[in-house]
Amino acid sequence: MATKCSNPVIDFHDFPNQLPKMMAACEEWGCFRLINIHEVLPSLLMTEMKSVVRSLFDLPVEIKRRNLGVIAESGYVAPTATNPLYESLGLYDLASSGDVEKFCSQLDATPHQKEVITKYVGAIRELSIKIGEKLTKGLGVKGEDVAFENWSGQFRINKYHFTHESVGCSGIQIHTDSSFLTILQDDDGVGALEVHKSSSFIPVYLEECENTVINALELVQARVARGREKGKDKKKKAEEAKQCKFPKFLRIFLDIMATKCSIPVIDFHDFPNQLPKMMVACEEWGCFRLINIHEVLPSLLMTEMKSVVRSLFDLPAEIKRRNIDVIAESGYVPPTATNPLYESLGLYDFASSGDVEKFCSKLDATPHQNGLHIFVHLWEVITKYVGAIRELSIKIGEKLTKGLGVKGEDVAFENWSGQFRINKYHFTRESVGCSGVQIHTDSGFLTILQDDDGVGGLEVHKSGRFIPVYVDPWPNTVVVNLDDLAKLWSNGRLHSVKHRVQCNEATTRLSFASFLVGPREGEAIEPLAQLVDVDHPPLYVPTTYAEYRKLRFSTNLHTGEALELLHTPSSEN
Ligand SMILES: O=C(O)CCC(=O)C(=O)O
Ligand SMILES: [Fe+2]
């Protein structure tokens with residue numbers, strides 16, 4: 001919950017310090033939220049402008065129609081049958097005082113309204129010029145002054161008539177802005193703008209971001225994700241919560257996502273090209289979807305494993321109970337009164353063939369003729385599957401090491417242990433809207449998850465918001481999470497992603513999670529020596545996976561906070 005905004009935030013008051021951050025935002029996102037702008041665009045003016053805009057839209061339609069296009073689509077846009085949600089008024093050219101005056105007189109603006117509009121577009125123009133100059137500088141362009149003062153600008157005020165029925169519909173379809181640079185004063189009470197990044201739509205508005213503007217450079221793509229459930233009375237809300245109703249906005253968010261995946265997508269077949277993208281995903285998201293993995297984890301094996309897992313959960317409870325803990329909470333978890341939705345079986349250590357065999361033989365359902373045959377098949381599939389997952393984990397670990405720029409210091413991931421866990425979610429009609437697994441981070445190093453390719457539910461937490469991982473089925477892919485010990489190992493660079501599993505529909509969901517946890521001999525994990533120097537002192541004291549798990553359980557801190565208890569004294573100063 002560190003920021004109010006999901007896209008990069010640039011402090012206008014902190015230049016030139018913010019220049020590199022602004023350039024990264026422009027290159028990677030194509031947009032940012034600009035704060036501390038009051039010297040150019042005073043807060044009072046922003047508020048006054050909002051009330052002027054409101055009253056302009058309240059004018060009779062015959063007056064609004066006087067606002068004619070000067071260039072194509074620059075004038076009044078009335079709500080239409082095809083887009084009844086959107087209405088807008090426009091002014092071209094905001095850099096011409098004559099045009100501003102014409103706009104005001106067409107709309108019968110009062111002297112006060114005219115003053116506010118004139119001041120507002122003047123301030124916005126100044127801000128655009130200043131941003132343009134910063135961009136020129138940030139691109140390293142010197143001596144070639146761009147005369148932004150001589151540039152024209154279009155000004156547009158938009159009103160969205162969101163209704164109950166339109167929740168989930170687009171007010172403006174996906175687009176880029178055709179011009180050079182856009183400054184947007186978004187509604188500080190109603191979200192809906194989304195920017196497209198890394199194949200997902202990211203809501204720009206998270207909380208009230210008063211007195212800030214969004215600057216969009218050519219790439220802003222806006223789309224309405226949801227209306228706010230405004231005006232719903234408290235009693236009704238409480239009633240819905242009691243009935244565990246699936247939050248409406250989440251369903252809508254899911255429905256309208258145009259892509260298969262909301263989290264970054266990394267192509268396993270395209271390395272080393274994908275390394276920088278993977279590192280950004282690991283540092284900013286702490287997770288990504290990995291595609292094109294068939295050379296290590298064949299599609300057939302993933303499908304076979306799913307049918308094996310299904311049959312394991314169909315075993316009688318007394319057989320499932322034989323799957324006992326090797327380390328705490330590593331064995332069978334039956335559905336309980338407090339969490340009747342969740343059931344799981346576990347194997348520790350997946351890197352030990354003996355442990356894999358034990359897991360299989362404990363669950364051997366032999367008392368029928370074909371038992372042996374079935375067992376051999378189960379054993380073969382499980383062994384192959386965990387072997388492949390282990391190989392994939394090691395390969396990802398190696399890429400991470402490389403991505404962090406750590407050279408010559410080989411991490412022997414082959415000697416690391418792993419926990420394997422198969423999960424079954426018994427989602428019912430009544431449980432829609434409830435959590436199958438509460439918010440947590442994973443305690444180990446790296447998790448590979450084969451999520452159900454027919455049922456969503458997994459959500460990752462980013463910038464104060466839960467983002468659904470599953471949008472459309474994407475078989476033969478896996479989700480990779482970075483865990484708490486990866487954060488420790490990278491001296492804080494990698495992000496340990498918080499996530500949860502929600503019930504969205506009454507059905508059964510299966511998922512298989514493989515956690516690479518740490519060195520088998522119980523050696524401690526510590527911040528990589530090459531990431532530590534005088535400027536970057538070690539943030540954490542060394543720990544083993546076993547010690548760290550104990551700490552999480554004893555403190556009941558399951559969302560990564562336990563790591564803070566391992567801060568070195570120097571990092572706390
Ligand atoms: O079932 C899922 O999608 C995720 C499960 C999970 O987060 C876990 O087992 O740690
Ligand atoms: Fe997890």
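Close-up 1. F155 is placed in strand 4, residues 154-160; strands (E, at least two residues) and helices (H or I, at least four) are DSSP runs numbered from the N terminus. The model is a predicted one, in which local features need pLDDT of at least 70 and side-chain atom pairs count only at pLDDT 80 or more, while totals for chains, interfaces and linings use all residues. Residues are numbered from 1 along each chain as its sequence is written, and chains are lettered from A and ligands numbered from 1 in the order in which they are written. Is F155 buried or exposed? F155 is buried, because 21 other C-beta atoms lie within 10 Å. (A residue is buried with 20 or more other C-beta atoms within 10 Å of its own, exposed with 12 or fewer, and partly exposed in between; C-beta atoms are placed from the backbone.) Residues up to four places away in sequence aside, F155 touches G90, L91, L94 and V121, where contact means C-beta atoms, placed from the backbone, within 7 Å. F155 and G90 are 65 residues apart along the chain, yet their C-alpha atoms are separated by 5.6 Å.

**Close-up 2. Helix 2 against helix 5.** Helix 2 (residues 43-57) packs on helix 5 (residues 111-138) at an angle of about 125°, and their axes are 10 Å apart. Axes are lines fitted to C-alpha atoms, for helices over the stretch in contact, and angles between N-to-C directions run from 0 to 180 degrees. The two helices, helix 2 and helix 5, are therefore oblique to each other. (Angles under 35 degrees count as roughly parallel, over 145 as roughly antiparallel, 65 to 115 as roughly perpendicular and the rest as oblique.) On the side of helix 2, the contact is made by L45, E48, M49 and V52; helix 5 contributes Q113, V116, I117, K119, Y120 and A123. By class, this contact of helix 2 with helix 5 has seven nonpolar, one polar and two charged residues. (Ala, Val, Leu, Ile, Met, Phe, Trp, Tyr, Cys and Pro count as nonpolar, Asp, Glu, Lys and Arg as charged, and the others, Gly among them, as polar.)

**Close-up 3. Helix 1 against helix 5.** Helix 1 (residues 19-28) and helix 5 pack at an angle of about 90°, their axes being 10 Å apart. Helix 1 is therefore roughly perpendicular to helix 5. In helix 1, L19, M22, M23 and C26 meet K134, L135, K137 and G138 of helix 5. This contact of helix 1 with helix 5 has five nonpolar, one polar and two charged residues.

**Close-up 4. Two cis peptide bonds.** Y92 and D93 are joined by a cis peptide bond, with omega about 20°. D93 belongs to the loop between strand 3 (86-92) and helix 4 (97-106). The bond from F271 to P272 is also cis, and its omega is near 5°. P272 is in the loop between strand 9 (265-267) and helix 8 (275-285).

**Close-up 5. Two asparagines with positive phi.** Although N491 is not a glycine, its phi is positive, about 55°. N491 lies in the loop between helix 13 (484-489) and strand 18 (499-502). N491 counts as buried because it has 22 C-beta neighbours inside 10 Å. N556, likewise not a glycine, has a positive phi of about 60°. The loop between helix 14 (545-555) and helix 15 (569-572) holds N556. With 8 C-beta neighbours inside 10 Å, N556 counts as exposed.

Methods
Contact = placed C-beta atoms within 7 Å.
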